[in-house]
Structure formats: C-alpha cells, structure tokens
Amino acid sequence: MRKSDWKIVVVFLCGALAAISLSAWQSPPAFDLKASIARGKAIYNTQCVTCHQEQGEGMKDIYPPLAKSDYLMANKARAIGMVVNGAQGPITVNGAKYDNEMLSTDLTDQQVSDVLNYVRNSWGNKGAAVKPEEVAPQRKKKAE
Ligand code: HEC
C-alpha cells in the first residue's frame, strides 16, 4: 500500500469508531412519544370513543370530557389508575359534576401508556409522556 492509501484507511477507521461510539452513547433509545400517541389513537378509537367521543368532548352529565380536562391533566398517576382499575363515584371535571362508572380495562402497560399519551396530547391537551413502567404501580390501587 502506498503512503497516501494509509491515510485513507486511518480516516475511514476514525469515522467508523466515531459512528460506533455515537450509537453507543445514544442507547438506550429515548421514549418515542410520537409513536406512542399514534398507537394510542387506534386504542382510543376502539375502547374509549363510545363514551368520551371523537373530539374527547364527552357527553354532558354522563361522560366527562378528556379534551382540556383539568382533572385528566392534573394528575398523571390518578389517570393511569382510572384507566386500569376503572372509576366510579362523584368527580368534578372542568367545573361540571359527574357521578357514573367507568369499567376497568385489560390493556397492557404499554397500551395504557399509549392511550393516555394520545388523550393527554390531543384536542388542545399537552402533557408529559406516560411511560409503560409508570403503569404497573397503579394497578390494583384504588383511584382517588
Ligand atoms: C362506558 C363508558 C366509558 C368508556 C368506554 C371509557 N370511559 Fe373514561 N370515564 C367514563 C366515566 C363515566 C367517567 C367518570 C367516572 C366517575 O364518575 O367517577 C370516566 C372518567 C375518565 C377519566 C377521568 C375524568 C376526565 O374526564 O378527565 C379519564 C382520564 C378517562 N375516563 C379515560 C378513559 C380512557 C383512556 C378510556 C379508554 C381506554 C375510557 N376512559 C373509556 C366512561 C367511560
């Protein structure tokens, strides 16, 4: 090999090393909120839409709204607990009272995080990501 060829080899190796260390530095991959929201939309449209409605507006006096819901956005853990365990009894959402029942779901931890990421980031809502590992601690706990 000529001297100039070695230079090319060295430059190539440095590049490869940089790429490897960069990918190692990037892992574990960051939580992909966008992908979670997209999966959550599909879950919402099969499991929640009949009551909470297409735009999350709910139904007056019967089903509370999720769109711009102060109740939903105020407490992430409580919302997780309600989706996994169901909820009943009087609650106040955006100043309106509801006293009805929501059944528990059999969604997986990831599905619960997905559907909550969708509702907490739709219709004007903007909330911090709900990660699957935040779901398990809320199972079997009574919703407040
Ligand atoms: C059969 C109708 C029904 C379905 C289906 C349903 N909910 Fe509910 N949801 C309710 C009712 C009723 C309440 C209020 C319960 C109460 O009065 O304590 C509620 C309350 C809530 C709340 C808290 C109150 C608020 O408006 O912020 C959240 C969050 C919520 N539901 C999310 C969901 C999600 C997510 C799904 C789908 C996985 C879902 N619900 C499916 C009826 C339903």
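Some ground rules before we look. This is a predicted model, where local features need pLDDT of at least 70 and side-chain atom pairs count only at pLDDT 80 or more, while totals for chains, interfaces and linings use all residues. Residues are numbered from 1 along each chain as its sequence is written, and side-chain values use heavy atoms, with hydrogens and water left out.

Let's start inside. By nonpolar core I mean a set of buried Ala, Val, Leu, Ile, Met, Phe, Trp, Tyr and Cys residues joined through side-chain atoms within 4.5 Å. Buried is under 20% relative accessible area, exposed is over 50%, and partly exposed is in between, with a 1.4 Å probe and protein chains only. The largest nonpolar core has 21 residues, and those touching the most other members are Tyr-44, Val-112, Val-115, Leu-116, Val-119 and Trp-123. Helices here are DSSP runs of H or I with at least four residues, strands are runs of E with at least two, and both are numbered from the N terminus. There is also a second, separate core of six residues, including Met-82, Ala-87, Val-93 and Tyr-98. As background, nonpolar side chains in soluble globular proteins tend to be buried together.

Now please click on Trp-123. What is Trp-123 in contact with, leaving aside its neighbours within four places in sequence? Counting contact as heavy atoms within 4.5 Å, the partners are Tyr-44, Glu-54, Gln-55, Gly-56, Leu-66, Ala-67, Lys-68 and Tyr-118.

Two of those partners bring us to the rings. The structure holds three aromatic pairs. Rings of Phe, Tyr and Trp (its six-membered ring) pair if their centres lie within 6.5 Å; planes under 30 degrees apart are stacked, over 60 edge-to-face, and the rest tilted. Tyr-44 and Trp-123 have ring centres 5.3 Å apart and planes at 55 degrees, so this pair is tilted. It links distant parts of the chain, with Tyr-44 in helix H2 and Trp-123 in the segment after H6, 79 residues apart. Tyr-118 and Trp-123 form an edge-to-face pair, at 5.4 Å centre to centre and 75 degrees between the planes. Tyr-44 and Trp-123 are both buried, and Tyr-118 is buried too. Together, Tyr-44, Tyr-118 and Trp-123 form one aromatic cluster.

One more ring before we move on. The charged end of Arg-78 sits over the ring of Tyr-71, 3.6 Å from its centre; the test is NZ of Lys or CZ of Arg within 6 Å of the ring centre and within 35 degrees of the ring normal.

Finally, charges. How many salt bridges does a search of the whole structure find? It finds four, taking a salt bridge as a side-chain nitrogen of Lys or Arg within 4 Å of a carboxyl oxygen of Asp or Glu. Glu-134 and Lys-76 form one, with their closest N and O atoms 3.0 Å apart. This pair also links distant parts of the chain: Glu-134 lies in the segment after H6 and Lys-76 in helix H5, 58 residues apart. Another joins Arg-139 and Asp-109 at 2.7 Å, N to O. Here Arg-139 is in the segment after H6 and Asp-109 in helix H6, 30 residues apart.
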